[in-house]
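Visitor: I'd like a walk through this structure, one feature at a time. Could you show me how to read each one?

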Amino acid sequence: MFIIESYGTAVLFCVVTMLCWGSWANTQKLSAGNWRFELFYWDYVLGIVGLALLLALTLGSIGDSGRSFWVDVQQADTANIGSAIWGGVLFNAANILLVAAIAIAGMSVAFPVGIGLALVIGVVVNYLNAPVGSAGLLFGGMALIVVAILLNAVAYRRTATADRETTGAGVSTKGLLLSVVAGCLMGLFYGYVAQAMFPNFDQPEPGKLSPYTAVVFFALGILASNFLFNTLLMYRPFVGTPVSYADYFRGSGRNHLTGVLGGMIWCLGMSFSILASDKAGPAISYGLGQGATVVAALWGIYVWREFRTAPKGVNGLLNGMLLCYIVGLGLLIVAR
């Protein structure tokens, strides 16, 4: 299977992860006008599963390193398969809440709050499981990211308050609360996937999974749990009227392809992050990938103009948020 040979390449892969994780939600924004996110999400999940299998059957089955995909599946221990699947279940619960928060509050709020919390929790959990890198730099970077989360929350609240005063409607705090819950759950999933794999990708261990196999079972965990989570959300949505499976099959080809593309973009980021964890360590790999928050905030602020009605002073808070995130991520990079 294909693996990474150097820390520099691992950082490059983490940057690709950052771009993928910070940009996939644009596909949901593009289809939001006539396509409910509960319906979009089915295609998103199919995109994740499809790309995970494609990578496993190609990059995961070539070369002399590690074990090829089918051989790896045949020798895998049930406990490790279960760990990767459980990681997928946790991720799916968190991501559905995050996508709901995006639909309600926008990318520039849902990502900094939800993914920022996920970054903090994920770095702590993964560092305790595999303490690679300088703890001082890691936790210093996380402290700055926490400040960025708080700045974004204040900016969101000021904008919502101003909207209520001018229009009488404003934005519900539901989006902010969903982002918080999503972040708490999302910070836990990566560790279960990492625990299922053999730590040195050059030296396969009996019963453990290769990174490609782990991502496939992770994706299957997302698909299986989606029949429960997303079905409940379709019939009892956070916003709007209920939708049915008949509504899904009435969607256009463009709607379905947009969702599949979003899932494939996210899965490419996940696969690159997992591959990078061999040389960078799970904590740094996950933390750098979650720099997606900066990418998503930039999309939301400057492309989708989600704070265009913000009162005076909010732009300064947003710029401070981005600065704290960038410096915090820089500390994570040099922590190795």
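Visitor: At what angle do helix α1 and α12 pack, and how far apart are their axes?

Guide: A word on the ground rules: this is a predicted model, where local features need pLDDT of at least 70, side-chain atom pairs count only at pLDDT 80 or more, and totals for chains, interfaces and linings use all residues. Residues are numbered from 1 along each chain as its sequence is written, and side-chain values use heavy atoms, with hydrogens and water left out.

Guide: Two packed helices are described by the angle between their axes and the distance between the axes. Helices here are DSSP runs of H or I with at least four residues, numbered from the N terminus. Axes are lines fitted to C-alpha atoms over the stretch in contact, and angles run from 0 to 180 degrees between N-to-C directions. In this case, α1 (residues 7-23) packs on α12 at about 40°, and the axes are 7 Å apart.

Visitor: Which hand does the crossing of α1 and α12 have, and which residues meet?

Guide: A crossing is left-handed if the near helix is turned anticlockwise from the far one by less than a right angle, and right-handed if clockwise. α1 passes α12 in a right-handed crossing. For contact, look for heavy atoms within 4.5 Å. From α1 you get Tyr-7, Cys-14, Thr-17, Met-18 and Trp-21, which meet Ile-284, Ser-285, Leu-288 and Gly-289 of α12. By class, that contact has 6 nonpolar, 3 polar and no charged residues. The classes: Ala, Val, Leu, Ile, Met, Phe, Trp, Tyr, Cys and Pro are nonpolar, Asp, Glu, Lys and Arg are charged, and the others, Gly among them, are polar.

Visitor: How do α11 and α12 cross?

Guide: The axes of α11 and α12 (residues 282-289) come within 7 Å and cross at roughly 135°. That makes α11 oblique to α12; under 35 degrees is roughly parallel, over 145 roughly antiparallel, 65 to 115 roughly perpendicular, and the rest oblique. The crossing of α11 past α12 is right-handed. Ser-273, Ala-276, Ser-277 and Ala-280 of α11 touch Pro-282, Ile-284, Ser-285 and Tyr-286 of α12. That contact splits into 5 nonpolar, 3 polar and no charged residues.

Visitor: And what about α9 and α11?

Guide: α9 (residues 211-235) and α11 (residues 253-280) have axes that come within 10 Å and cross at roughly 140°. So α9 is oblique to α11, and their crossing is right-handed. On the α9 side, Pro-211, Tyr-212, Val-215 and Phe-218 make the contact, with Trp-266, Cys-267, Met-270, Ser-271, Ile-274 and Leu-275 on the α11 side. The class count there is 9 nonpolar, 1 polar and no charged.

Visitor: How many salt bridges turn up in the whole structure?

Guide: A salt bridge is a side-chain nitrogen of Lys or Arg within 4 Å of a carboxyl oxygen of Asp or Glu. The search finds 3. Glu-38 pairs with Arg-36 at 3.1 Å, N to O, Asp-72 with Arg-67 at 2.8 Å, and Asp-247 with Arg-250 at 2.4 Å.

Notes:
Helix = DSSP H or I, 4+ residues; strand = E, 2+ residues; numbered from the N terminus.
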